[in-house]
Amino acid sequence: GEFDAVRSEDPLEAAIIAGFAAPPALTQFEALLEKRRFGEAVIKALSLMADGPRADPLDVESGLALLNHLGLVDVARQTALYTLLTRPRS
C-alpha cells in the first residue's frame, strides 16, 4: 500500500501507482460524488477499466483513485493486480 518510492516508465504501471497516490484526482466523478451517487460512480469507474490492460492508462488511474477514495481498497488492489497479470507478455 506504500507507493511513495515506487516509480515506473511503463504507462500502465505508472497509472496504477498514481491511482493509489493521495490525493486522488476525481474530476470526472465530481458531479456524481456531490450528488452522493456513489454506486453510479463505481459503475463508471469499473466501466472505464473494463478493458483491463488495454484500457487507457488515465482511465485506469481515475478508476483506481475513485475506488480508493470510496474505501474500496481491496477492490482497487484486485483490479490493479488483474490488470497487470492479464496484459500481454512481450
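Modeller: A salt bridge is counted here when a side-chain nitrogen of Lys or Arg lies within 4 Å of a carboxyl oxygen of Asp or Glu. The model is a predicted one, in which local features need pLDDT of at least 70 and side-chain atom pairs count only at pLDDT 80 or more, while totals for chains, interfaces and linings use all residues. Residues are numbered from 1 along each chain as its sequence is written, and side-chain values use heavy atoms, with hydrogens and water left out.

Under this criterion there are 3 salt bridges. A network of such bridges links Asp10, Glu13 and Arg87. In the pair of Arg87 and Asp10, the closest N and O atoms are 3.0 Å apart. Asp10 belongs to the segment before helix H1 (11–19) and Arg87 to the segment after H5, so this bridge ties together parts that are 77 residues apart in sequence. Helices are DSSP runs of H or I with at least four residues, numbered from the N terminus.

Arg87 also forms a salt bridge with Glu13, at 2.5 Å from N to O. Because Glu13 lies in helix H1 and Arg87 in the segment after H5, this pair ties together parts that are 74 residues apart in sequence.

As for solvent exposure, "partly exposed" denotes a relative accessible area between the buried class (under 20%) and the exposed class (over 50%), with a 1.4 Å probe and protein chains only. Arg87 is partly exposed, at 23% relative accessible area.

Glu40 is partly exposed, with 38% relative accessibility, and Arg37 is partly exposed, with 36%.

Note on methods
Helix = DSSP H or I, 4+ residues; strand = E, 2+ residues; numbered from the N terminus.
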